[in-house]
Structure formats: C-alpha cells, structure tokens
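Here is a quick tour of a two-chain model for someone new to structures. Have a look at the picture first, then read on.

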Amino acid sequence: MKKILLVLIFIISLLYVFPIIYTFTNSFMTESQINAENIQIIPDEFNLQQYYSIVTNKAEYFKFFMNSVKLTVIIIVGQIVIGIFAAFAFAKMEFPGRDLIFVIYILAVLLPFQVTLVPNYLVLDKIHRVLNIKILDTHIAIILPGIFSSFGVFLLRQFVRGIPNDIIEAARIDGAGYGKILFKVVLPVIKPAVFSLVILTFIDNWNLIEQAIIFIDTPSKLPLSVFLENIYYGDYKVFYAGAVLYIVPALLIFIKGEDYLKEGLTVGGMK
Amino acid sequence: MLKKIRKSKGFLFILPSLIGFSILYIIPFILGLRYSVSRSGFDNTFVAFKNYNDVFKSNAFNLALKNTALFMGIAIPLIIIISFILALIIYEINAPKFIKLFIILPMAIPSGTVAGFFRKVFGTGGFNLINTEYAMIVVVLIFIWRNTGYNLIIYLAGLSQLRKEIIEASMIDGANYFQRLWHIIIPLITPTTVFVGIVTIINSFKVFKDIFILQGNYPNPKIYMLQHYMNNKFRDLQYEKLTSAAYVFAAVIFVFAFLLFYFDRKHARKVGES
C-alpha cells in the first residue's frame with residue numbers, strides 16, 4: 001500500500017513540475033520543434049542560439065529584467081523596514097485604537113487590488129497635482145502601495161506576539177528603550193519571519209501584473225512579468241529562453257528559503 | 001505620566017506605516033464611497049444607489065459576477081480537498097522531500113513564463129479548451145497547479161501538530177484508518193482547514209494574473225472575471241461603476257471571511273479548545 005501511494009504521489013508531483021520542465025527544455029529547441037503540432041519535451045538538438053540572441057541583440061530584455069529587480073527589491077526592503085516597527089508596536093506596545101487599527105490592516109489583506117484601484121489612482125494623481133511630484137506612470141506608483149501593503153505588518157506582528165512578555169520586560173528593567181529592545185531582542189528572534197516575508201513578497205512582486213497594467217503607460221517601464229508577453233508574440237524561441245532566465249532567480253530564492261515558507265504561511269493561524 | 005509617554009511611543013512606531021497605509025488604502029477606500037453615489041467621476045451630483053442599480057443590471061457585471069462565483073465555488077472546495085489528500089499521503093507515508101518541493105514549486109513561477117506551455121497544452125497543441133465554452137476548466141487547473149503548494153505547507157504543519165496520543169488511543173480501540181480519518185483527523189484539523197480557506201480565497205483573486213497573461217483585457221467571455229470588469233471600467237473612466245462594483249465585491253469577501261471566522265469559533269467551542 002505504501003509503495004502504491006508513493007508511486008502515485010510521485011506521478012502527481014511530476015504533473016506539478018511538468019510545465020516548468022517543459023519551459024526549460026523548450027528554451028533549447030529549434031524554432032521548428034517548438035512550433036511542432038504536438039507537445040515536445042526533449043530537444044532534438046541542444047540549441048543555445050536564443051540565449052545568445054538575448055545577450056547580444058536584446059539588451060532591452062535586461063532593461064525589463066532590471067525593472068523587475070528594482071521594483072521587487074525596493075518593495076521587499078521597504079515593507080520590512082516599515083513593517084518591523086509597526087509589527088512591534090501592534091504586538092507589544094499600547095496605544096489608543098490599537099486593536100481597531102489592526103483589524104483594518106487584516107481586512108485590507110483580504111481585498112483584491114482592484115477594489116481600491118480608482119481612489120488609489122486619484123490619490124496618486126492628486127499628489128502629483130498638489131505637490132508636483134509625478135507618481136503615475138512611474139515606478140513609485142507601484143512601489144508605494146507595495147511597501148505599505150498591510151500583509152507584512154500582519155505577518156511580522158504574529159511572530160512578535162509569540163515572544164514572551166517577560167523577555168521584553170526584563171530588557172526594560174535593564175534600562176533598554178523600545179528602540180533598543182526592537183533591534184537587540186526582537187529582531188534576532190524574528191529573523192525567520194523576516195526571511196519568510198522576503199520570500200512571500202518576492203513571489204508576489206516577481207509576478208507583478210495588476211499594478212503595472214493600471215499605473216504604467218510607458219512600455220519601457222513595465223516589469224518583465226508583463227513584458228514577457230510581448231516577447232512571446234515577437235519570437236517564440238527567445239520567449240522560452242527569456243522565461244527561463246526569469247524563472248531561475250525565483251527558483252533559487254525559493255529552494256534556498258523553502259524552510260522559511262512554512263513559518264510564514266502557518267503563522268497567520270496563530271491567535 | 002510615564003504610561004502616557006509609553007502610549008504615545010507606540011503610536012510613534014506605527015506612524016510611518018499608518019500614514020502610508022491611510023493615504024494609499026484607507027482614505028481611498030472611504031473616498032471611493034463618494035464616487036459610488038455620484039453621477040460620475042467628474043460630476044459630484046448625488047444619485048444615491050443608482051450606480052449600484054446600474055451595475056447589477058449590466059450584462060458585463062453579471063457575467064463577471066457569475067464567472068467569479070462559479071470559479072470560486074468550484075476551485076476553492078476542489079483545491080482544499082486535493083491539498084488535504086496530498087498532504088495526508090505525504091504525511092502518512094513520509095514521502096521524500098523532493099516530492100513536496102515539486103508540488104510547491106509552481107507558486108514561485110511567474111505567470112508570464114509558463115504562458116507558453118499553457119497556450120500550447122490548452123490551445124493549439126493539445127486539448128483546445130481555452131477558446132471554447134470549457135475555458136473555465138483551464139483556469140481552475142492553472143489555479144490548482146499554482147496554489148496547491150500554499151495549502152500543502154499549511155496542512156503538513158497542521159498534521160504534524162496533531163496529538164499522537166488521541167490517534168494511538170483510537171488504534172487501540174480498533175478503529176480502522178478511514179474511521180480514524182473521519183472521526184478524529186478531519187475534526188481535529190478543522191482550524192487548519194479554516195485557515196487554508198482564507199488563504200485560498202485571497203489566492204483565488206490572483207488567478208486574474210494568469211488569465212490576463214493568457215488572454216488580455218477582453219478574454220473568452222466564459223472566463224471574464226470581476227477583475228476584468230473593474231479594470232475595463234477604469235480604462236473607460238467609468239469610476240462610479242467601478243467603485244460600486246468594488247464595494248459589492250468587498251462586501252462579498254468580508255461576508256465570506258466573517259462566516260469562516262464564525263465557523264472557526266463555533267468549532268473551537270465544540271472540540272473544547274479556544
């Protein structure tokens with residue numbers, strides 16, 4: 001029985017990686033094989049020409065790639081820096097309206113991006129008109145909502161809550177201020193939470209689509225997650241090679257951080 | 001006095017987050033209410049519920065609502081069942097680590113990169129479904145493919161926390177595996193299932209990414225979702241329609257979430273935990 005189940009789950013797990021393997025192997029195929037009627041998985045010949053052409057002719061590919069890197073990195077760093085302070089306050093400090101504000105943060109996690117779309121757009125437009133800072137059609141329009149998304153605060157707060165109050169009280173008695181407690185006591189303990197937030201935020205923003213198609217009008221500012229489409233309609237071969245290059249960083253980060261995912265995903269269940 | 005300082009300090013810590021969050025989320029959400037009862041985005045005349053009424057009468061909205069409800073109604077229970085069964089098998093036979101890795105990998109794969117594969121398999125090269133009336137099947141499959149991993153991780157963590165004594169006691173009592181599953185494991189895992197449900201609802205909105213990449217702003221009408229409707233109303237500058245639809249959407253989500261939390265509380269009381 002155990003063997004049958006093992007074979008079964010092995011086959012199922014292959015179905016899950018199949019689209020990824022397919023994308024990898026197609027990236028080495030010749031154009032005629034990619035365009036074949038049926039689904040081909042093993043390349044007839046090992047062809048690196050499309051990778052070569054990305055590096056040589058498609059300097060623009062890397063421009064879009066770097067757009068994605070820039071957006072993702074800034075959003076991750078910003079969300080963590082801002083989130084850590086807020087999470088600590090929500091979990092371990094008292095201030096008026098704390099619980100109510102936190103409930104609003106949780107509700108915001110549940111909403112899809114489109115719900116606050118128009119008002120969001122209008123607020124950014126207003127900032128442009130009043131302060132004369134152009135935000136729409138720049139990366140800032142994507143970065144700001146990303147940094148201030150309440151998900152990071154929610155996730156980190158659940159972890160900080162798990163730290164016993166005694167530890168924090170002890171540090172206070174020793175004369176440490178809240179800032180010192182946050183950096184010397186809390187931060188080392190919640191490192192795994194920070195890593196899991198990095199991975200989850202990375203996954204979300206490496207596949208950034210909704211914000212870009214609304215806030216960005218200039219094609220050259222799009223992240224690669226959206227622009228890959230145009231490569232597909234331009235040249236299949238190059239598309240698969242470009243897709244693989246875009247998958248690789250995600251795979252590396254994911255495989256390295258797999259263990260932290262569990263912490264990040266299960267913490268929401270804690271009361 | 002000291003306490004007061006401590007209190008205001010807490011406020012200081014959340015201030016950066018709260019300012020940004022308010023400007024970008026809370027204020028827009030409240031301001032949107034005004035749009036939803038105005039004649040248009042450019043004319044503030046109060047029209048009460050006219051926009052809501054118009055939205056509910058519009059074919060596009062009803063199509064989008066129907067498709068979204070159909071998608072959620074099928075995909076959410078299905079993925080919960082599938083991920084629970086997979087987690088159970090992996091847990092019980094102690095499957096090698098790479099199997100779990102294979103199943104969770106898709107969550108890290110950007111929609112645009114696998115669009116080539118899905119176009120081929122569900123379009124020209126394999127089962128030509130994406131342009132037919134059965135396109136929803138494709139969307140459900142892609143959703144399950146991408147999101148099983150999240151639920152699997154949560155279920156595996158939940159299963160590993162089950163108390164072994166209870167399960168062993170039932171074995172001594174002579175319960176077979178399926179009795180044990182039905183009467184002990186499933187009830188004990190319910191809080192995890194509720195949490196999986198919430199995560200799944202949040203993830204279900206992200207299926208828009210995959211549909212948009214495959215078919216753009218105006219997809220096959222069978223997979224035209226609320227997010228398409230809202231994006232397109234935005235593009236048409238019909239802000240009043242968009243905000244009305246957004247509040248209907250938000251209300252449905254909150255009701256869903258509330259029911260799940262309520263169910264969770266009730267269940268916790270029943271099994272004597274809190």
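The buried residues of H13(A) are Leu224(A), Ser225(A), Val226(A), Phe227(A), Leu228(A), Glu229(A), Ile231(A) and Tyr232(A). Buried means that 20 or more other C-beta atoms lie within 10 Å of a residue's own; with 12 or fewer it is exposed, in between it is partly exposed, and the C-beta atoms are placed from the backbone. This is a predicted model, where local features need pLDDT of at least 70, side-chain atom pairs count only at pLDDT 80 or more, and totals for chains, interfaces and linings use all residues. Residues are numbered from 1 along each chain as its sequence is written, while chains are lettered from A and ligands numbered from 1 in the order in which they are written.

**Helix H13 of chain A**
- H13 spans residues 224-234 of chain A and is mostly covered, with eight of its eleven residues buried.
- Helices (H or I, at least four residues) and strands (E, at least two) are DSSP runs, numbered from the N terminus.
- In chain A, the buried residues of H13(A) pack against helix H4 (59-92), helix H11 (191-206), helix H12 (210-215) and helix H14 (236-266).
- They also pack against helix H5 (111-124) and helix H9 (207-215) of chain B.

**Chain A as a whole**
- Chain A comes to 14 helices and zero strands.
- Of its 271 residues, 44% count as buried.
- The C-alpha atoms of chain A fill a box of roughly 70 × 65 × 30 Å, taken along the principal axes.
- Take the contacts in chain A with a separation of 6 or more: 72% of them join residues 24 or more positions apart. Two residues are in contact if their C-beta atoms, placed from the backbone, lie within 7 Å.

- An unreviewed UniProt entry annotates "transmembrane region" for residues 71-90, 102-122, 142-160, 181-203 and 238-255 of chain A. Its positions are given in the numbering used here, feature names are shortened, and annotations may be inferred rather than shown by experiment.
- Residues 71-90 of chain A are 100% helix and 0% strand, with end C-alpha atoms 27 Å apart.
- Residues 238-255 of chain A are 100% helix and 0% strand too, and their end C-alpha atoms lie 26 Å apart.

**Where the chains meet**
- The contact takes 78 residues from chain A and 75 residues from chain B.
- Helix H1 (residues 2-26) gives the most to chain A's side, with 15 residues.
- That side of chain A has 57 nonpolar, 14 polar and seven charged residues. Here Ala, Val, Leu, Ile, Met, Phe, Trp, Tyr, Cys and Pro count as nonpolar, Asp, Glu, Lys and Arg as charged, and the others, Gly among them, as polar.

**The nonpolar core**
- Of the 150 residues in the largest nonpolar core, Ala86(A), Ala87(A), Phe88(A), Leu156(A), Val139(B) and Ala245(B) touch the most other members. Such a core is a set of buried Ala, Val, Leu, Ile, Met, Phe, Trp, Tyr and Cys residues joined through C-beta atoms within 7 Å.
- Leaving aside neighbours within four places in sequence, Ala245(B) is in contact with Val55(B), Phe61(B), Leu226(B), Tyr229(B), Met230(B) and Lys233(B).

- Most residues other than glycine have a negative phi.
- Asn94(B), however, has a positive phi near 50 degrees; Asn94(B) is in the loop between helix H3 (59-93) and helix H4 (97-104) of chain B.
- Leu237(B) has a positive phi of about 65 degrees although it is not a glycine, and its place is in the loop between helix H10 (226-235) and helix H11 (239-270) of chain B.
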